[in-house]
Structure formats: structure tokens, C-alpha cells
Amino acid sequence: QVHLVESGGGLVQPGGSLRLSCTASGRIGSIVTMGWYRQARGSQREMVALIHTDGDMRYADFVQGRFIIYRNDSNDTVHLESSNLRPEDTAVYYCNAKVTDGLVIRNSWGQGTQVTVSS
């Protein structure tokens, strides 16, 4: 089992920046990817950015170069640096880890952190 704890959400003005952090604990060796999803009110949860254990990264089209995902293996933490934020980026951001037992891959989720982009 993997436990995820997020931090770094809050209120930011349009054009501003935020850094979200997610620290994993538990069966770290079972993690395949870590990353971030978001869910705006009335919308489905969508992928924002993922980073594989081999370093490959994947971003949603709406990121458009505004977000960067990176990890710190020394403390099992993944960060999402977001810049040039827009009101449409307002959502609850969830840390995600895809973990495997060697047979199947399952999702582990953090509790979510609110990001609000508003003037």
C-alpha cells in the first residue's frame, strides 16, 4: 500500500505560480508512475502530468508548457511547478500513484488540494 500526502494548494491570481508537492510512503518500490490529476466542479477528473520511474514525463494538452513535473527521489516526493495560471485551472488537484503487485496496476490517491485561480 502507498500513502500520498499533498501540499501547496491555495489562492493565486491569474498569471501567477504555485508549486504542488506530493510525498509517498509505504511500498515505494511498487510505484510505476506518480503524478497529478485534477477535478473541477461539475467535471470529470483529468490527468495533468505524470512521471514514470524511468523518468519519462507525460503532460495533458492543456498544460501547454506552463507546468513542469519533477521528482526528488531522496524523499520520495513529486512536485508540480505551475506558472501562468488561468481561472480554468481552478480545481482540486489530486496526487496519484500507479502501483503494481507484479500482476495488476492500481491507483492510489491523495486527499486532494484546492487550487483557485482568481483575481
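**Surface, fold and interior**

A: The accessible surface of the chain is about 6,500 Å², and carbon and sulfur atoms account for 47% of it. Please note that this is a predicted model.

Q: How many helices and strands are in the chain?

A: The chain has zero helices and 11 strands. Its radius of gyration is 14 Å, close to the 14 Å that the globule rule gives for 119 residues, so the chain is as compact as a globular protein of that length.

Q: And what does the C-alpha trace span along its principal axes?

A: The span is about 45 × 30 × 25 Å.

Q: What share of the residues count as buried?

A: Of the 119 residues, 42% count as buried.

Q: Turning to cysteines, which ones form a disulfide?

A: Cysteine 22 and cysteine 95 do, with their sulfur atoms 1.9 Å apart. The pair links distant parts of the chain, since cysteine 22 lies in strand S3 and cysteine 95 in strand S9, 73 residues apart. A search of the whole structure finds one disulfide.

Q: Why is that disulfide called left-handed?

A: The torsion about the S-S bond of cysteine 22 and cysteine 95 is about -80 degrees, so the disulfide is left-handed.

Q: Is cysteine 22 buried or exposed?

A: Cysteine 22 is buried, at 0% relative accessibility, and cysteine 95 is buried at 0% as well.

Q: Now aspartate 89: where does it lie?

A: Aspartate 89 is in the loop between strand S8 and strand S9. Aspartate 89 has a relative accessible area of 1%, under the 20% cut-off, and therefore counts as buried.

Q: Which residues does aspartate 89 touch?

A: Not counting residues up to four places away in sequence, aspartate 89 touches Arg38, Arg66, Phe67, Asn84, Val115 and Val117.

Note on methods: Residues numbered from 1 in each chain as written. Predicted model: local features only at pLDDT ≥ 70, side-chain atom pairs only at ≥ 80, totals over all residues. Heavy atoms only, no water. Helix = DSSP H or I, 4+ residues; strand = E, 2+ residues; numbered from the N terminus. Buried < 20%, exposed > 50% of the residue type's maximum accessible area, 1.4 Å probe, protein only. Contact = heavy atoms within 4.5 Å. Disulfide = S-S within 2.5 Å. Rg over C-alpha atoms; globule rule 2.2 N^0.38 Å. Areas by Shrake-Rupley, 256 points an atom, 1.4 Å probe, with all protein chains shown as cover.
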